[in-house]
Amino acid sequence: MASRQYELVYILPPDSTEQQVTELHDQVSQVVSRMHGQIEKNENWGRRRLAYEIGHNKEGVYVLDVINGSGELMKELDRRLKVMDQVVRHMIVRVDEEKKVIDRTRTKRQSESERRRVKRGLPPQRQPGEGRSQMEMDDDDDRFDAGEV
């Protein structure tokens, strides 16, 4: 059973109280702990406008949970959230694969850069003071200066 990282976002009706949000989070955390998972992060994003109207709601209370666990845990959470009346919408996304791709791309770019630097006779790592500083790059970028009044 491999532990993977998932993001769970659920939306509650706009008239939900802080106590109702906490109770739902407690229910989610009980399921996660019972199935040997771990909640890494919990963020209450608060009341936000929905992209489209869902059941006469134009706004909702958004909550994000980052969960480490198995696929079975996510299936159980999905099943439970589908039948809860207080949850307007929910979505579970696996994010560990994306992080692996990002890390792989970053290391590939770094190794390519080091290879090119060595080929030109430079040290593999960029030295302090080498190249243009960030301030010089910001000063030279005048793409957005044309519209100033």
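Buried means under 20% relative accessible area, exposed over 50%, and partly exposed in between, with a 1.4 Å probe and protein chains only. This is a predicted model: local features need pLDDT of at least 70, side-chain atom pairs count only at pLDDT 80 or more, and totals for chains, interfaces and linings use all residues. Residues are numbered from 1 along each chain as its sequence is written, and side-chain values use heavy atoms, without hydrogens and water.

**View 1. The aromatic pair W45 and Y62.** The structure holds one aromatic pair (Phe, Tyr or Trp rings, the six-membered one for Trp, with centres within 6.5 Å). W45 and Y62 are stacked, at 6.4 Å centre to centre and 25 degrees between the planes. Planes under 30 degrees apart count as stacked, over 60 as edge-to-face, the rest as tilted. W45 sits in strand β2 (residues 38-54) and Y62 in strand β3, 17 residues apart. Strands are DSSP runs of E, at least two residues; helices are runs of H or I, at least four; both are numbered from the N terminus. W45 is partly exposed, at 34% relative accessible area. Y62 is buried, at 15%.

**View 2. The largest nonpolar core.** A nonpolar core is a set of buried Ala, Val, Leu, Ile, Met, Phe, Trp, Tyr and Cys residues joined through side-chain atoms within 4.5 Å. β1 (4-12), α1 (18-34), β3 (57-69) and α2 (71-83) each supply at least two residues. The largest share, five residues, comes from α1.

**View 3. A second, separate core.** This core has eight residues, including V9, I11, I54 and L64.
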